[in-house]
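This briefing covers one protein chain, grouped by topic. Please keep the sequence and the model in view while reading.

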Amino acid sequence: MRALYPGSFDPLTNGHVDLIERASALFGDVIVAVLCNPSKRPAFSVEERIAQIQASTSHLKGVSVISFDGLSVNCANTHQADLILRGLRAMSDFEYELQIAHTNRSLAETLETVFLATSARHSFLSSSVVKEVARFGGAIDHMVPAEVAKDLNRLFNSAFPPPLK
Ligand code: ADP
């Protein structure tokens with residue numbers, strides 16, 4: 001089976017990596033699809049995010065990384081994915097994710113959405129919280145892969161860190 005895992009990954013966290021590892025064991029093929037949406041003003045470019053994900057998943061077989069814009073269902077179609085993978089951290093994720101899953105099902109009837117529950121130890125992690133901690137000099141080494149920690153420290157120690165959102 002081939003799973004498409006779409007997201008912003010700005011940046012990748014240990015929660016994302018945990019999900020990719022478990023999906024790769026379950027499905028064999030996992031395509032991590034990085035959403036290219038310049039209007040969201042990401043902290044990292046698509047190229048940087050792709051490099052971070054490639055470096056952090058190089059120990060896994062069957063994982064590839066691409067960028068996409070537009071609809072996830074079209075991306076899944078183009079890459080012949082059997083399912084869309086999404087993660088659930090808490091009930092607060094559920095309502096939004098269910099709406100997206102129903103929308104996608106209405107657009108592509110045979111494409112299933114599969115949710116994996118986050119591991120409890122990663123359930124507090126989000127890309128925005130990690131950026132917030134890094135901005136104020138907090139320890140992030142237990143939250144993100146080493147490559148991402150390096151990039152975050154460089155970004156927020158630079159002369160022009162990205163503005164607060
Ligand atoms: P979005 O796609 O909404 O911009 P992200 O790029 O952060 O958000 O997340 C992509 C997917 O990864 C979503 O399904 C999200 O629920 C899931 N995810 C985010 N953080 C974690 C985590 N800590 N553990 C497991 N899954 C997560």
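Pro11 lies in the loop between β1 (2–7) and α1 (14–27), where helices (H or I, at least four residues) and strands (E, at least two) are DSSP runs numbered from the N terminus. A cis peptide bond, with omega about 0°, joins Asp10 to Pro11. The model is predicted, with local features needing pLDDT of at least 70 and side-chain atom pairs counting only at pLDDT 80 or more, while totals for chains, interfaces and linings use all residues. Residues are numbered from 1 along each chain as its sequence is written, and side-chain values use heavy atoms, with hydrogens and water left out.

**Backbone exceptions**

- Most residues other than glycine have a negative phi, and most peptide bonds are trans.
- Arg41 has a positive phi, near 45°, and is not a glycine.
- Arg41 sits in the loop between β2 and α2 and is exposed, with a relative accessible area of 58%; buried means under 20% relative accessible area, exposed over 50%, and partly exposed in between (1.4 Å probe, protein chains only).
- Gln80, also not a glycine, has a positive phi of about 55°.
- The loop between α3 (72–78) and β4 holds Gln80, which is exposed at a relative accessible area of 61%.

**The sheet**

- Strands of a sheet pair through backbone hydrogen bonds, either parallel or antiparallel.
- Here five strands form an open sheet in the order β3-β2-β1-β4-β5, and the pairing is parallel; two strands pair if DSSP finds at least two bridges between them.
- The edges are β3 (63–68) and β5 (112–117), each of which has a single partner strand, so one side of each is left without a neighbour in the sheet.
- On average, neighbouring strands of this sheet are turned by 30° against each other, direction ignored; axes are lines fitted to C-alpha atoms, for helices over the stretch in contact, and angles run from 0 to 180 degrees between N-to-C directions.
- β1 and β2 run parallel and are joined by six bridges, and the bridge partner of Ala3 in β2 is Val30.
- Five of the six residues of β1 are buried, so the strand is mostly covered.
- Six bridges also join β2 (residues 29–35) to β3, again in parallel.
- Ala33 has Ile66 as its bridge partner in β3.

**Helices on the sheet**

- Helix α2 (residues 46–56) packs on the sheet and touches β2 and β3, its direction making about 155° with that of β2; contact means heavy atoms within 4.5 Å.
- Helix α4 (residues 91–107) packs on the sheet as well, touching β4 (83–88) and β5, and its direction makes about 170° with that of β4.

**Buried polar and charged positions in helices**

- Ser24 belongs to helix α1 and is buried, with a relative accessible area of 12%.
- Not counting residues up to four places away in sequence, Ser24 touches Val30, Leu60, Lys61 and Val63.
- Asp93 belongs to helix α4 and is buried, with a relative accessible area of 14%.
- With residues up to four places away in sequence left out, Asp93 touches Gly87 and Leu88.

**The largest pocket**

- Rolling a probe the size of a water molecule over the atoms shows where empty space is left.
- The largest pocket has a volume of about 1100 Å³; on a 1 Å grid over the protein atoms alone, a pocket is an open set of points where a 1.4 Å probe fits, with protein on both sides within 12 Å along at least five of seven lines.
- Grid points are joined across faces, edges and corners, and the volume is the space filled by probe spheres set on the points.
- Of the 42 residues that line this pocket, Pro6, Gly7, Ser8, Arg86 and Glu97 are the closest to its centre; lining residues have an atom within 4 Å of a point.
- At least two lining residues come from each of β1, α1, β4, α4, β5 and α5 (127–135), and α4 gives the largest share, seven residues.
- The lining of the largest pocket has 15 nonpolar, 17 polar and ten charged residues; Ala, Val, Leu, Ile, Met, Phe, Trp, Tyr, Cys and Pro count as nonpolar, Asp, Glu, Lys and Arg as charged, and the others, Gly among them, as polar.

- Asp141 is in the loop between α5 and α6 (146–156) and counts as exposed at 61% relative accessibility.
- Asp141 and Asn14 lie 127 residues apart in sequence and 9.7 Å apart in space, C-alpha to C-alpha.
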